[in-house]
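Hi everyone, thanks for coming.

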Amino acid sequence: MAMGLKHKDLLGIQDLTVEEIGVILDTATSMQEIASRDIKKVPTLRGKTIINLFYEPSTRTRTSFEIAGKWMSADVINISTAGSSVVKGESLKDTGLTLQAMHPDIVVIRHPVAGAPKLLAGYIRASVINAGDGAHEHPTQALLDLFTIREKRGTLQGLKAAIVGDIVHSRVARSNIFAMQKVGMQVRVCGPATMLPRYLDRLGVEVFKRIESAIAEADVIMMLRVQLERQGTSLFPTLREYSKLFGLNLDRLKAAKQDVLIMHPGPINRGVEIAPEVADGPYSLILNQVENGVAIRMALLYLLAGGPAAANN
Amino acid sequence: MRILIEGGRVIDPANRVDAVLDVLIEDGRIAAVGPPRSARDAAPPDRVLDARGKVVCPGFVDLHVHLREPGREDKETIATGTRAAARGGFTSVCCMPNTHPVNDNQSVTEFILDRAKREGSVNVFPVGAITKGQQGEELAEIGELVRAGCVAISDDGKPVMNAEVMRRALEYAGMFGIPVVQHAEDLHLTGKGVMHEGLVSTELGMRGIPAASEAVIVARDLLLAELAGSHYHVAHITTAEAVRLVRDAKAKGLKVTCEVCPHHFALSDDAVRSFSTNAKMSPPLRSTRHVEAIKAALRDGTIDAIATDHAPHTLQEKEQEFDYAPNGIIGLETAFGLTVTMLVEAEVLSLSQAIARLTCEPARVFNLPKGTLSVGADADVTIVDPTREWVVDVKRFASKSRNSPFHGWKLRGEVLATIVGGKVVWELEG
């Protein structure tokens with residue numbers, strides 16, 4: 001490994017340089033092959049302990065981190081807060097200090113509040129990986145998205161991505177906006193005015209009112225899930241109307257490039273933001289994203305716990 | 001007891017005084033203010049304070065503090081809160097009614113005043129609740145609150161959302177000549193917001209509180225104040241739009257006043273990028289555009305007073321995830337340094353104007369017989385060194401709490417001594 005990461009933690013894409021993103025993606029490429037083996041196990045992280053600390057429900061991210069750790073022979077412990085001392089009112093600080101006393105090497109945290117991983121990282125010596133904090137960042141998702149695009153296109157520089165949907169509640173959108181801009185992609189966003197945060201244009205993002213214009217010329221369309229569980233007030237009248245105005249269906253897809261890539265961080269609401277024929281269609285990379293998620297997380301676990309930095313200890 | 005404060009630059013904006021003078025205190029009152037040594041002709045003083053090279057001004061008046069007693073003595077008490085006030089140069093503080101129980105009746109007011117008399121370091125003026133239990137529905141017994149000693153009414157911490165209740169509160173309070181103090185925030189627009197809605201909230205993915213949340217209520221209330229013909233005061237104003245509304249209302253001759261907190265001119269929403277919960281307050285830290293508008297409004301007199309909104313919270317409450325932490329920071333012990341550093345040094349206000357915003361102006365807003373060095377006035381005096389640099393260290397605060405975002409800041413302008421009713425209640429060592 002030529003170089004590792006300078007950081008103890010991975011809290012957000014905003015902390016990474018473009019070179020570091022390159023290292024993570026290249027490392028993931030070398031991890032990919034393990035998935036195709038008969039015996040999916042390498043000794044890389046033997047003796048390392050990884051704790052998945054999830055304050056929110058998750059299928060793919062938690063499983064992905066768990067598999068990534070196990071394939072590299074780390075001991076992986078899953079804590080979901082529903083069955084933990086958190087329900088007894090234990091603070092994040094105390095939970096962190098308690099876990100630290102058991103000497104984990106990495107704590108992967110998902111939390112409903114922006115900044116919670118940073119708070120935790122300040123209390124513990126273990127590396128902290130942000131697996132999603134509120135609507136702030138979801139850096140491993142953005143990295144696996146870049147990886148998936150690069151795998152299909154061979155390059156990232158100069159590509160145009162259209163991110164469509166509930167931008168305001170989406171940590172995936174934020175991490176992808178930051179990541180795509182760092183690697184030289186152009187980002188457009190589109191969604192109901194009530195779901196677009198203010199001043200997006202000042203982030204260097206092009207804002208579109210109509211999905212047809214947003215997806216024309218796009219190399220990548222990234223559809224976001226309508227996050228029904230995060231709706232405080234009504235940001236759109238009905239799912240039916242949302243689907244009519246912003247859903248990606250075969251008809252709309254005609255406006256897009258022939259070889260456009262279609263992505264979705266999941267879980268998808270079939271028939272709401274994405275029609276089944278599109279989700280299951282030939283341009284859909286939704287399952288590639290899931291598959292590549294494991295490789296990206298193996299790369300990060302390796303770089304933070306087993307890579308060059310650890311070798312120096 | 002006679003105290004002679006000798007040779008200081010006396011800045012007393014109420015009397016348009018800015019000159020090197022001696023101040024003689026006798027029996028708790030200002031006995032004389034005159035040229036150096038003129039006061040020496042009388043009997044020798046019991047104590048002489050050498051103020052040469054220093055500034056002598058009226059004691060500061062804070063329209064907005066939370067002393068937390070009764071109910072949350074783990075955060076602050078009347079004893080510790082008023083000691084913090086003394087350290088910060090404040091000789092009078094007006095305490096908000098959101099205690100437990102709420103100060104919505106005379107027995108709570110009497111308790112506060114009794115405690116303050118026995119344990120307080122500075123003068124305490126209670127602010128009563130507008131509505132029973134601060135529920136925003138039924139008027140509190142405002143007449144009895146005033147008779148017991150309340151100088152204003154407010155549901156601070158919460159707005160009065162019901163326009164009809166606000167109208168009646170203004171009309172009713174008008175009978176007693178006291179201001180109605182509004183925490184101007186539309187709770188529907190605020191929703192679950194935790195910081196100012198702007199570029200920073202967009203980047204951080206945090207729920208935003210739009211600037212309009214404040215201005216919408218100010219606009220509504222100004223119409224109601226006009227209808228009622230009563231004195232309306234906007235607590236902790238933060239937005240360009242609210243300031244514009246107040247400026248226009250003043251130009252029209254309405255009896256409207258407002259205050260600003262030091263953190264709202266010293267910090268912007270950029271401070272939230274650290275996710276520090278000491279950057280979480282209500283109203284939230286606003287963007288630079290609003291901060292600049294606030295400074296302009298201080299300069300042109302739209303903003304009458306600087307008030308701290310001193311809001312103590314325990315360490316464990318602030319050591320939480322941003323969304324879960326309570327709003328507010330302590331401010332009594334940093335207010336003067338921030339005012340000098342951010343306003344006087346930056347040439348937003350002259351030193352004399354800044355002192356006016358801390359003394360005679362707030363006293364005028366709440367009709368308090370304070371904030372002046374007139375002969376015969378209560379001897380509430382603060383001695384400061386406006387050029388001295390110091391480093392904020394929360395561990396040295398007199399407040400029980402430590403929730404300040406200014407820890408480690410180098411500030412110019414330090415309080416050297418605080419005198420309340422002729423008694424020296426705070427002196428900086430060394």
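Let me begin with chain A, where α1(A) and α5(A) are roughly perpendicular to each other, a label used for angles of 65 to 115 degrees, while under 35 counts as roughly parallel, over 145 as roughly antiparallel and the rest as oblique. Helix α1 covers residues 18-32 of chain A and α5 covers residues 139-153 of chain A; they pack at about 70 degrees with axes 10 Å apart. Those axes are lines fitted to C-alpha atoms, for helices over the stretch in contact, and the angles run from 0 to 180 degrees between N-to-C directions. Helices here are DSSP runs of H or I with at least four residues, strands are runs of E with at least two, and both are numbered from the N terminus.

Before going on, a word on the source: this is a predicted model, local features need pLDDT of at least 70, side-chain atom pairs count only at pLDDT 80 or more, and totals for chains, interfaces and linings use all residues. Residues are numbered from 1 along each chain as its sequence is written, chains are lettered from A and ligands numbered from 1 in the order in which they are written, and side-chain values use heavy atoms, leaving out hydrogens and water.

Back to our two helices. The crossing of α1(A) and α5(A) is right-handed, meaning that the near helix is turned clockwise from the far one by less than a right angle, with anticlockwise being left-handed. On the α1(A) side, the contact includes I21(A), I24(A) and L25(A), and on the α5(A) side L143(A), L146(A) and F147(A) are among the residues involved; contact means heavy atoms within 4.5 Å. The contact of α1(A) with α5(A) has 7 nonpolar, 2 polar and 3 charged residues. In that scheme Ala, Val, Leu, Ile, Met, Phe, Trp, Tyr, Cys and Pro are nonpolar, Asp, Glu, Lys and Arg are charged, and the others, Gly among them, are polar.

Now, at what angle do α2(A) and α11(A) pack? About 55 degrees, with their axes 8 Å apart, and they are therefore oblique to each other. Their crossing is right-handed. F65(A) and W71(A) are among the α2(A) residues there, and M298(A) and L301(A) are among those of α11(A). By class, this contact of α2(A) with α11(A) has 8 nonpolar, 4 polar and 2 charged residues.

Over to chain B, which has an open sheet of 8 strands in the order β6-β7-β8-β9-β10-β13-β14-β15, with parallel pairing; strands pair if DSSP finds at least two bridges between them. At the edges, β6 and β15 of chain B each have a single partner strand, so one side of each lacks a neighbour in the sheet. Helix α8 (residues 240-251) of chain B lies across β13 and β14 of chain B, at about 150 degrees to β14(B).

Most residues other than glycine have a negative phi, and most peptide bonds are trans. Yet G266(A) and P267(A) are joined by a cis peptide bond, with omega about -10 degrees, and P267(A) sits in the loop between β9 and α10 of chain A. In chain B, E69(B) and P70(B) are also joined by a cis bond, with omega about 5 degrees. Finally, Y199(A), not a glycine, has a positive phi of about 65 degrees.
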